[in-house]
Structure formats: C-alpha cells, structure tokens
Amino acid sequence: MRRISLLILFTLMMAMAFCVVKPTIAQQANEAYTKKQFSQALELYGKIESQGIQNADLYYNMGNCYYRLQKLGYAILYYKKALRLDSSHSSARKNLQLSLTLTRDQQYQVQGGFIGNVIMRLMDFLTLNRVAILILLFLVLSVGALYYIWFSHMDGERHLPVFILIILLFFLFMFIAIGFVKYHQFAGHKAAVLVVPSEVGYSGPGSDFTRVFTIHEGMIYTIEKEEDAWSQIKLPNGLGGWIPASSSIRVNP
Amino acid sequence: MKKASLFLLFMICIAAWLNAQDVSISANVDRTTVGQSDEFSLMVTISGKDADRIQAPQLPKMEFVNLGVTTSSQSSISIVNGVMNSSVSKTYRYSLSPKRMGTTTIPPISMTYKGRTYQTVPIKIQVVKQSTAPRQQSRQQQQFPFSSFFDEPDEYNTPQQSYSDATFIVGTPSKTKVFKGEPVLVSYRLYTTQRLNALNLGDIKDYPGYGKEQVYTASKLNLEKAKYNGKTYESILLQTIVLTPNKTGIITIPTMSATAEAQRNGGGFWGFGIPERLNIQSKSANIRVLPLPEQGKPSNFTGAIGHYSINSSIDKTQIKAGESFVYTIVISGAGNISQFTIPPMPEIQNLRFMTPEVNNQVKNGVEGTKIIKYLVLAQEKGNYEIPPMSFSYFDNKTGQYITLQSPSHSIQVLEGDSYPMQTGILQTAVKQENRDIDFISNNRNFRNHVPISKHAWYWLLVILILLSLPVGYRWSSEQEKLSLNPEYSRSKLADKILSRYLKQATVYSSMANPLFYSAAQNGLIRFISDKLRIAKGSSTEELLTQLKEKVCPADLLHTLESFFTRCNEARFMPGGYTDQQIRDDYQVLRDIVTEISRSRRKRQGGWL
C-alpha cells in the first residue's frame with residue numbers, strides 16, 4: 001500500500017513537472033493588472049493561453065481583465081471557462097454572479113431554499129478531480145470491506161460489516177453518478193456566451209425568418225446545432241432560435 | 001362566624017350590584033321646536049365610573065340627518081363621609097337636521113353595559129317652517145373690529161334685506177388657466193357706492209377640487225377709489241386666498257358672503273338714515289385646471305410648480321469623526337413652495353443625514369423660500385463628497401420641466417476622538433459600501449489542467465483494484481472451505497506434508513515402484529522426528545520408543561509398527577509386492593500422516 005501511494009505521488013509529481021510553464025509571463029501579467037494596465041495584462045495572459053494552457057486561475061484573471069475593460073460578454077465567458085475547470089473557484093463564481101447582474105437580459109438564476117443551496121454548494125465543491133479521488137477512495141474502502149467480510153472468520157455475525165459495505169457502495173455509486181454529471185459538464189461543448197452587444201434570434205438559419213427574440217451581450221445559452229454560419233441556440237428560459245455563429249463563443253471550444 | 005361571613009359576602013354582592021348600577025344614560029335636546037332648515041343638538045350623556053370606557057351609543061333610525069358628533073367628558077371626585085366617589089360623564093353632542101315637517105320623535109337611545117341595557121326616554125320634536133335658531137348665528141360670523149356700534153341692529157327695526165348693485169364683492173383669480181398643483185391667488189374685493197357702517201364677513205362657500213389657504217384679510221375698513229367695469233367705486237380688498245387645484249378640469253372659486261349695513265339717505269330717527277342690511281355674495285368665477293404633461297417628467301419630480309432656484313451650503317468643511325455639520329439647501333422662487341415634498345437625499349455611506357428641518361417662508365401666498373437643514377453626522381474618517389442635489393420643477397410659464405442641481409460639497413472627516421460606546425445600542429451591522437469583482441489570483445505559474453480521469457494511472461489503479469476482487473474471492477473461498485470442512489482441511493494438510501517429506505514416496509507409489517517403501521520409511525521418520533522434536537537420523541526403534549513414552553494412541557502405534565515392518569520386509573524382499581499393495585500402503589501412509597498431523601500437542605490436550 002505504501003509503495004502504491006509512493007507511486008501515485010511520483011506520478012503526480014511527474015505530471016506536474018511536465019505542466020510547469022515559464023512563470024515570468026504570468027508574473028508580468030499579474031503585475032500589469034495590479035498597475036491597472038488591463039489590456040497589457042490581458043495580452044500577456046493571452047500569450048499563456050495560446051501555449052495551450054488550460055488553467056482556472058488563468059481564465060479567472062483574464063475574465064477580470066475583460067471585466068475591467070468593460071467587455072462583459074468575454075468576462076462572463078472566461079469566468080465560465082474557469083468554473084468549467086474548477087467549479088469550486090469561489091472568486092470566479094462570485095465575479096460571474098456579479099457580472100450576470102450587469103447584463104441587459106435578466107438571466108435565470110436558481111433560487112433554491114436552504115437544502116437547494118447546500119446541494120448547489122456541495123456540487124460546486126465537488127470538482128471533477130475531487131469526485132475522481134472520492135470514487136477511488138470509496139472503491140478502495142468498499143473492496144477493503146468486502147475483503148474483511150471474506151477473510152474474517154466470523155460465524156454468522158456479519159451484519160455490521162455488510163451494513164458498512166452497503167453504505168460504502170451507496171457512496172461509491174453516488175459519486176460515480178456525480179462524476180458522470182460532472183464529466184458531462186466538463187466535456188460538453190454546448191454552453192456558449194454571446195460576445196457581441198446584441199443579437200436577434202430568428203426562427204430559422206437566416207435573417208429573413210421571423211424574429212423570435214433579441215439577446216444582449218453576456219447571455220449564456222446552449223448551442224444545439226450549427227448550420228452554414230448559423231447556430232441554433234436555446235436560451236435558459238426555453239426560447240429557441242437561430243443566430244449567426246460568429247456572435248457567440250463556446251465555453252469549451 | 002359562618003353567618004358573619006355570609007353577611008359579608010351578601011354586602012359585597014350588594015355593593016357590586018350598586019356599582020354596576022353606577023351607569024346612567026340620558027338624552028336631551030337644546031330645543032324641541034326647530035325650523036325646517038335648522039340644526040339642533042342632541043346631547044347624549046353617559047355618566048358613571050366607567051363612562052369613559054363605554055362605547056359611543058348607536059343612534060337609532062330616525063327622521064333626522066346626523067351632521068356629525070362631538071364628544072366631551074367631565075369627571076368629578078367627591079368625598080362624602082370619608083368615602084370617595086368619582087364619577088365621569090361623557091357627552092356626545094350630535095348635530096341633527098330634520099328631514100321633514102311635522103312632529104317627530106327621537107326614539108330611545110340604548111346602550112349595553114356589563115350585559116345590561118340602558119335606555120333614554122323618547123323626545124318629541126316639532127319641526128316648523130320658520131327658523132327657530134337663536135340669534136347666535138350672526139355672532140358666529142366673523143366680526144370686523146371696525147363694526148360700528150350698530151352691533152345689534154335687531155334692537156332697532158329689523159332692517160330690510162336687499163341685494164344691491166351698489167355694493168358687491170368680486171372674487172378675481174390671478175389666472176384663469178393653471179396647471180394642477182399650481183397655486184392661484186384669488187382676491188376678493190368689495191365695491192360700493194354706498195356708505196357702509198359695518199361689514200361682517202360671512203362664510204366662504206367651498207367647491208370641490210382645490211386646497212385653500214388664507215393669505216390676507218383686511219383689518220380696517222379703509223376704502224379707496226377703484227374702477228370696476230368703467231365705473232368708479234369705493235373699494236377695499238377684503239381677503240386674498242391661495243387655491244391649489246388638486247383635480248383637473250373646471251373648478252369654481254369659493255364664493256364669499258358678507259353682510260353689511262349701509263346708511264340710507266333720508267328718514268329715520270335722530271336724523272340718521274335707517275340702516276339698510278345688505279346680504280352680499282360674491283359672484284362665482286371659474287378656473288380651468290390643466291394636467292401636468294407626462295412627457296419629459298423627470299423621475300425626481302416631487303410636485304414643485306413655478307419658478308425656482310436652488311442653492312446649498314455646508315457650515316464646515318473639516319470635522320472629526322463623530323461630530324456633525326449642517327447641510328442647508330435653499331430653494332427659492334415663486335410657486336407652490338409649501339406644497340411640494342423635498343427632493344430625496346442620496347445615501348452616503350458613513351454620513352448619516354438626520355431627518356431634515358424644513359422651513360417654508362412664504363410671502364403673499366406664492367413667493368418665498370424653502371430652507372431644508374440636514375444635520376449630518378460623520379461616522380467614519382475619510383473624504384466625502386456630497387453629490388449635487390438635483391431638484392426638478394415644472395415651469396408654469398414655459399410649460400416645461402426643469403432640473404436644477406445644487407453645488408456639490410466635499411467634507412474632510414478626520415480621525416475622531418475615541419469615545420466609549422455605552423452598550424450595544426449604537427452598534428450597527430457592517431454595510432457593503434460598493435460592489436466589485438474579486439482581485440485576480442496571484443498564481444505565478446499556470447499549470448495545464450488535465451483532469452485526473454485523463455491520467456492513465458487513475459484507470460490503472462481502478463482496474464487493479466477491480467482485478468483483485470476475483471483473486472481475493474478465490475483465495476477467501478479456499479480459506480472458508482478449510483475452516484468449514486475438517487475432512488478437506490485434513491487431506492489438504494496431509495497433501496502438504498506428503499509433498500514436503502514424502503515427495504519421493506508419492507512419486508514411486510504412482511509408478512508402483514517398490515522403492516516406495518524405503519522412501520516412505522525415510523520420509524516418515526523425518527516427519528515424525530520433526531513432529532516429536534527429536535534428533536534426525538534416529539532409528540525406527542528409537543522413534544517407536546519415543547512414541548510409546550508419549551502415550552501415543554495404541555492403534556496408531558500399531559499401524560505405524562506394522563508399516564515399518566512392511567517397509568523393512570520390502571527392503572529385503574524387493575519385488576515381493578504387487579502394484580495394488582503399493583497403492584494400498586500409500587493410502588496407509590496417508591492415513592498415518594493425517595493422524596499424526598491432526599494430533600495435538602500436550603499443552604493443547606493431545607499426546608504429542
């Protein structure tokens with residue numbers, strides 16, 4: 001067991017070592033932001049992003065730059081990107097919520113009760129990685145419990161271990177289910193943000209169709225289909241329509 | 001004793017009953033014969049200890065119109081023979097007016113108190129055509145100080161009442177077209193060609209649709225020459241009122257009535273003319289009220305109409321936290337100065353604006369200033385800016401809304417002297433002053449985010465853990481078989497021993513080789529020596545002796561002895577055994593080994 005944990009540690013360290021990039025650009029960018037040179041900071045962060053780095057903090061900082069440059073659509077997009085990688089990023093969530101109050105369109109926000117809030121916060125806390133670790137942990141615990149039941153020579157008195165095993169299995173399957181949901185959210189390409197000041201939604205792919213709605217910068221919706229430079233989108237309130245594909249950017253390109 | 005207490009109880013009951021009786025109701029009227037259009041009073045008096053707490057009695061249905069009620073109460077305390085009596089009486093004075101002529105009755109008025117009903121006696125009222133109202137009415141009229149000594153003209157001949165072209169009152173509004181809420185001055189002027197001795201201003205009859213305020217009332221009968229419709233009259237400005245229309249459309253200005261005594265020329269006693277009593281009523285006039293335009297109405301419009309200017313000032317520019325300063329806003333101009341509400345004060349964090357003191361100084365009804373004084377408490381140090389206060393009004397001349405801004409002021413609040421707080425009374429919750437996004441993350445190297453689920457080691461671990469399950473299951477089921485089935489475990493154990501000590505013998509037995517016997521003997525000796533913990537290389541005899549000493553079961557010893565004998569025989573008589581015999585002997589060997597290995601040590605209750 002000790003050897004396995006050492007192995008895990010080693011693998012992790014190797015993974016980290018490969019992922020480290022030149023820290024100087026990041027430092028410069030952070031400094032530029034502190035000096036309120038937001039467009040310069042954004043440029044530097046963009047450089048890191050163009051290296052193919054996906055990082056929640058990076059996206060979060062870029063979102064802040066866009067917010068300061070009053071590009072609300074991009075700010076919301078980048079906060080969403082950050083939260084896609086790390087749903088427990090509390091600053092990103094807070095800034096996203098503040099930004100969403102500034103959009104022209106009122107966006108649907110879940111206003112659950114106490115239980116709803118607790119569940120939402122728990123789901124935010126459970127990032128994909130945390131869920132993966134929890135699945136592994138409960139898998140080990142369940143298998144351990146099973147081994148205990150198999151090897152302990154108790155005559156008849158197996159109720160407690162079996163009960164514990166059932167609970168462990170329940171958690172295991174629960175986390176597997178959450179893991180599926182989280183992975184779906186992580187890997188899904190549908191979510192997108194409107195980055196142009198406003199856009200008209202038509203009933204078909206073309207501006208000669210009937211006007212259905214008008215949305216404004218910062219609107220979050222899902223792209224259902226794409227057809228010759230037009231995207232079929234679905235708004236959080238259920239309205240659907242077609243807008244030019246170039247007006248929106250997907251959270252997960 | 002019992003009797004005495006019963007008596008006492010009885011006395012208390014009597015007293016309570018008497019107390020309960022302490023309420024009475026009575027009704028009376030100020031007169032029983034009234035004119036058809038007169039008002040008279042019905043007084044209902046409730047007296048008693050609890051009169052104050054009794055609900056107003058309900059008037060029954062009757063042939064009179066109830067014009068209103070006033071209440072008054074009186075209390076008296078008297079001490080008689082050392083016993084204090086307090087009594088309260090409450091009087092309800094109803095003003096009634098008859099509905100029809102003839103004799104009518106005010107039915108009994110009843111009230112309920114502590115479950116008992118009290119009633120008044122019915123009162124008969126005779127309604128006649130002529131007014132029976134006492135002369136009081138004229139006294140209620142406003143009396144001019146310059147009324148002559150003809151104060152009670154009735155003591156002379158009743159003067160003829162007439163309306164005259166020679167004396168009249170004209171009410172003139174300053175404008176005939178105004179906006180809703182815009183004040184309009186109405187002046188009442190009296191014109192006359194007669195000589196007036198006295199003048200009593202009567203009631204002003206009101207019409208719906210405006211608010212009214214008196215601005216000026218003449219105090220002396222100073223007549224001056226004035227022209228009206230091209231004719232010259234003696235004239236006096238009697239009264240000026242300000243009307244503030246509160247509905248749109250046509251409204252009628254109040255009509256003023258007055259009585260005057262004019263000297264008639266010629267006749268009469270003592271050379272005086274018999275005074276002529278004149279009832280004068282002003283002519284009605286209309287004002288057209290327009291609604292305020294909705295278009296361009298500022299959101300901060302609070303109803304100001306007219307023409308204004310705004311200014312503001314603060315009395316200090318530097319104070320310490322915990323001290324206060326005065327912020328004054330002055331709105332001056334002409335219009336409905338006292339009518340509009342003050343513009344709202346913007347909230348400034350850490351500056352606490354107390355409820356303002358508003359002072360309206362209005363001259364002749366429409367012109368004046370509104371002074372708004374805020375006492376401002378500075379709660380925290382820092383530099384603060386009092387933003388310009390914007391004030392919107394409707395300009396009645398241009399017909400447009402105008403928004404004015406007062407100058408802004410900055411105030412420096414220095415660190416205050418710390419003063420001990422008393423208790424939690426002055427504590428306030430920390431308030432959010434502004435909202436902004438969080439600061440950036442100071443991450444210095446952004447690592448590429450790869451979810452754990454995309455790492456190979458994760459799935460490798462999962463697969464390893466899952467693969468361990470069938471292996472573990474096999475292992476555990478084997479263990480279970482061992483522990484649950486002694487036969488199986490025994491043979492398993494024998495197999496183990498055989499494979500360890502008697503491998504060679506097993507091989508030979510399967511080949512039916514007679515070498516089996518020597519191999520079996522050697523192996524068995526080694527096994528038993530290990531078991532008995534004696535030196536290896538002992539002879540068969542030594543071994544058997546040892547076994548005998550250990551009180552080995554007899555049958556086992558016997559089997560062992562015979563097996564060794566057969567082994568010895570086989571050694572010296574090779575080829576003397578058939579395959580079947582070898583196989584049987586192998587079985588015997590197995591049994592011996594199983595038996596010995598099952599045997600327990602002495603301390604465990606066995607013989608070994």
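Start by selecting B:Leu375, which you will find in strand β28 of chain B, spanning residues 367–378. Keep in mind as you click around that this is a predicted model.

Is B:Leu375 buried, exposed or partly exposed? Count its surroundings: B:Leu375 has 14 C-beta neighbours inside 10 Å, so it is classed as partly exposed. A residue needs 20 or more such neighbours to be called buried, and 12 or fewer to be called exposed.

Then draw a distance from the C-alpha atom of B:Leu375 to that of B:Ile314: the separation is 9.9 Å, while the two residues sit 61 apart along the chain.

Now switch to chain A and colour it by secondary structure. Of its 253 residues, 30% count as buried.

Last stop: the place where the two chains meet. Select the contact, and you pick up 42 residues from chain A and 29 residues from chain B. On the chain A side, the helices supplying at least two residues each include α1 (2–19), α4 (56–68) and α9 (159–187). Which helix gives the largest share of that side? Highlight α8(A), which provides 11 residues. Finally, colour this side of chain A by residue class, and you get 29 nonpolar, 11 polar and 2 charged residues.

Note on methods: Residues numbered from 1 in each chain as written. Chains lettered and ligands numbered in written order. Predicted model: local features only at pLDDT ≥ 70, side-chain atom pairs only at ≥ 80, totals over all residues. Contact = placed C-beta atoms within 7 Å. Helix = DSSP H or I, 4+ residues; strand = E, 2+ residues; numbered from the N terminus. Nonpolar A, V, L, I, M, F, W, Y, C, P; charged D, E, K, R; others polar.
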